[in-house]
Amino acid sequence: MTENILHSLLLAIETDNDEAAEEIVAALTVDTNILPALLNLSAATDVDQRWWGVRALAELAGHSEDSRAQITPVLLNALNDDEDAIRCVAALGLGQMQAI
(Lines give C-alpha, C1' and ligand atoms only; values in the text may rest on other atoms or scores of the structure.)
Protein backbone atom coordinates (compact mmCIF):
# COMPACT_ATOMS: atom_id res chain seq x y z
CA MET A 1 0.00 0.00 0.00
CA THR A 2 2.83 2.39 0.87
CA GLU A 3 4.39 1.82 -2.55
CA ASN A 4 1.08 2.69 -4.25
CA ILE A 5 0.75 5.91 -2.26
CA LEU A 6 4.33 6.89 -2.96
CA HIS A 7 3.97 6.00 -6.64
CA SER A 8 0.81 8.11 -6.87
CA LEU A 9 2.53 11.04 -5.18
CA LEU A 10 5.58 10.81 -7.44
CA LEU A 11 3.36 10.58 -10.52
CA ALA A 12 1.43 13.68 -9.42
CA ILE A 13 4.71 15.53 -8.87
CA GLU A 14 6.13 14.38 -12.20
CA THR A 15 3.01 15.47 -14.10
CA ASP A 16 2.89 18.77 -12.21
CA ASN A 17 -0.54 17.90 -10.80
CA ASP A 18 -0.44 19.87 -7.57
CA GLU A 19 -4.12 19.25 -6.84
CA ALA A 20 -3.67 15.47 -6.91
CA ALA A 21 -0.46 15.69 -4.87
CA GLU A 22 -2.23 17.82 -2.26
CA GLU A 23 -5.07 15.29 -2.02
CA ILE A 24 -2.58 12.47 -1.52
CA VAL A 25 -0.69 14.41 1.14
CA ALA A 26 -3.90 15.36 2.95
CA ALA A 27 -4.91 11.68 3.10
CA LEU A 28 -1.61 10.49 4.58
CA THR A 29 -1.49 8.96 8.02
CA VAL A 30 1.40 7.60 10.03
CA ASP A 31 -0.31 4.18 9.81
CA THR A 32 0.63 3.96 6.14
CA ASN A 33 4.29 3.43 7.13
CA ILE A 34 5.26 5.97 4.52
CA LEU A 35 7.41 8.07 6.85
CA PRO A 36 10.78 6.58 5.73
CA ALA A 37 9.93 7.18 2.07
CA LEU A 38 8.91 10.78 2.80
CA LEU A 39 12.11 11.36 4.75
CA ASN A 40 14.01 10.22 1.64
CA LEU A 41 11.83 12.35 -0.63
CA SER A 42 12.53 15.42 1.49
CA ALA A 43 16.24 14.95 0.70
CA ALA A 44 15.76 14.50 -3.07
CA THR A 45 17.89 16.49 -5.48
CA ASP A 46 14.78 17.37 -7.51
CA VAL A 47 13.31 20.57 -6.05
CA ASP A 48 9.66 19.59 -6.65
CA GLN A 49 10.14 16.20 -5.02
CA ARG A 50 11.96 17.78 -2.09
CA TRP A 51 9.20 20.40 -1.66
CA TRP A 52 6.46 17.77 -1.62
CA GLY A 53 8.49 15.59 0.74
CA VAL A 54 8.79 18.48 3.19
CA ARG A 55 5.11 19.38 2.66
CA ALA A 56 4.01 15.81 3.37
CA LEU A 57 6.20 15.60 6.47
CA ALA A 58 4.69 18.84 7.76
CA GLU A 59 1.25 17.28 7.30
CA LEU A 60 2.22 14.10 9.16
CA ALA A 61 3.93 15.91 12.04
CA GLY A 62 0.65 16.56 13.77
CA HIS A 63 -0.47 12.94 13.73
CA SER A 64 1.61 11.58 16.59
CA GLU A 65 4.43 12.44 18.97
CA ASP A 66 6.61 9.70 17.45
CA SER A 67 6.33 11.12 13.96
CA ARG A 68 6.78 14.65 15.28
CA ALA A 69 10.07 13.64 16.93
CA GLN A 70 11.39 12.28 13.62
CA ILE A 71 10.02 15.07 11.45
CA THR A 72 10.93 18.17 13.45
CA PRO A 73 14.70 17.93 12.79
CA VAL A 74 14.04 17.47 9.06
CA LEU A 75 11.82 20.56 8.95
CA LEU A 76 14.37 22.55 10.93
CA ASN A 77 17.09 21.47 8.50
CA ALA A 78 14.87 22.42 5.54
CA LEU A 79 14.91 26.00 6.82
CA ASN A 80 18.48 26.11 5.45
CA ASP A 81 17.57 24.81 1.98
CA ASP A 82 18.82 26.80 -1.01
CA GLU A 83 15.25 27.03 -2.36
CA ASP A 84 12.95 29.72 -0.96
CA ALA A 85 9.84 27.60 -1.49
CA ILE A 86 11.25 24.75 0.58
CA ARG A 87 12.26 27.06 3.38
CA CYS A 88 8.74 28.53 3.32
CA VAL A 89 6.92 25.19 3.45
CA ALA A 90 9.22 24.03 6.27
CA ALA A 91 8.50 27.21 8.26
CA LEU A 92 4.80 26.81 7.64
CA GLY A 93 4.93 23.20 8.83
CA LEU A 94 6.83 24.14 11.97
CA GLY A 95 4.33 26.91 12.63
CA GLN A 96 1.41 24.53 12.25
CA MET A 97 3.05 22.08 14.62
CA GLN A 98 3.33 24.80 17.23
CA ALA A 99 -0.37 25.50 16.87
CA ILE A 100 -1.33 21.84 17.46
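Colleague: Why are Arg55 and Glu59 about one helical turn apart?

Modeller: They are four residues apart in helix H4, so about one helical turn separates them. This is a predicted model, to be clear.

Colleague: What do the side chains of Arg55 and Glu59 do?

Modeller: They meet in a salt bridge, at 3.1 Å from N to O.

Colleague: And is Arg55 buried or exposed?

Modeller: Arg55 has a relative accessible area of 13%, so it is buried. Glu59 is at 25% relative accessibility and therefore counts as partly exposed.

Colleague: Which residues are linked with Arg55 and Glu59 in a network?

Modeller: Glu22 is linked with them in a network of salt bridges.

Colleague: How many salt bridges does the count come to?

Modeller: Four. One of them joins Asp81 and Arg50, with the closest N and O atoms 2.8 Å apart. That pair links distant parts of the chain, since Asp81 and Arg50 are 31 residues apart.

Colleague: Where do Asp81 and Arg50 sit?

Modeller: Asp81 is in the loop between H5 and helix H6, which covers 84-99. Arg50 is in helix H4, residues 47-60.

Colleague: Buried or exposed, Asp81 and Arg50?

Modeller: Both Asp81 and Arg50 are buried.

Colleague: What does Arg87 form with Asp84?

Modeller: A salt bridge, with the closest N and O atoms 2.0 Å apart. Arg87 and Asp84 are three residues apart in helix H6, so the separation is about one helical turn.

Colleague: How accessible are Arg87 and Asp84?

Modeller: Arg87 has a relative accessible area of 27%, so it is partly exposed.

Colleague: Changing topic. How many aromatic pairs does the structure hold?

Modeller: One. The rings are those of Trp51 and Trp52, with centres 4.7 Å apart.

Colleague: Why is the Trp51 and Trp52 pair edge-to-face?

Modeller: Because the planes of the two rings are at 80°, and planes over 60 degrees apart count as edge-to-face.

Colleague: On to H5. Does the span of helix H5 agree or disagree with the number of residues?

Modeller: It agrees. H5 has 14 residues, 65-78, which at 1.5 Å a residue should span 20 Å, and the end C-alpha atoms are 20 Å apart.

Colleague: Where is the kink in H5?

Modeller: At Ile71, shortly before the proline Pro73. The kink is about 30°.

Colleague: Which residues of H5 are buried?

Modeller: Ile71 is one of them, along with Ser67, Arg68, Leu75 and Ala78.

Colleague: Now the largest nonpolar core. Which residues touch the most other members?

Modeller: Leu9 and Leu38, out of 28 residues in that core. At least two core residues come from each of helix H1 (2-14), helix H2 (18-27), helix H3 (35-41), H4, H5 and H6. H4 gives the largest share of the core, six residues.

Colleague: What does Leu38 touch?

Modeller: Leaving out residues up to four places away in sequence, Leu38 touches Leu9, Leu28, Gly53, Ala56, Leu57 and Leu60.

Colleague: Where is Leu60, and is it buried or exposed?

Modeller: Leu60 is in helix H4. With a relative accessible area of 1%, Leu60 is therefore buried. The C-alpha atoms of Leu60 and Leu35 are separated by 8.3 Å, and those two residues are 25 residues apart along the chain.

Colleague: Last one. What is the phi of Asp16?

Modeller: Positive, about 60°, although Asp16 is not a glycine. Asp16 lies in the loop between H1 and H2. At 56% relative accessibility, Asp16 counts as exposed.

Definitions and conventions: Residues numbered from 1 in each chain as written. Predicted model: local features only at pLDDT ≥ 70, side-chain atom pairs only at ≥ 80, totals over all residues. Heavy atoms only, no water. Expected span 1.5 Å × (residues − 1). Bend = angle between axes of the 7 residues up to and from the residue. Buried < 20%, exposed > 50% of the residue type's maximum accessible area, 1.4 Å probe, protein only. Phe/Tyr/Trp six-rings, centres within 6.5 Å; stacked < 30°, edge-to-face > 60°. Core = buried A, V, L, I, M, F, W, Y, C linked by side-chain atoms within 4.5 Å. Contact = heavy atoms within 4.5 Å.
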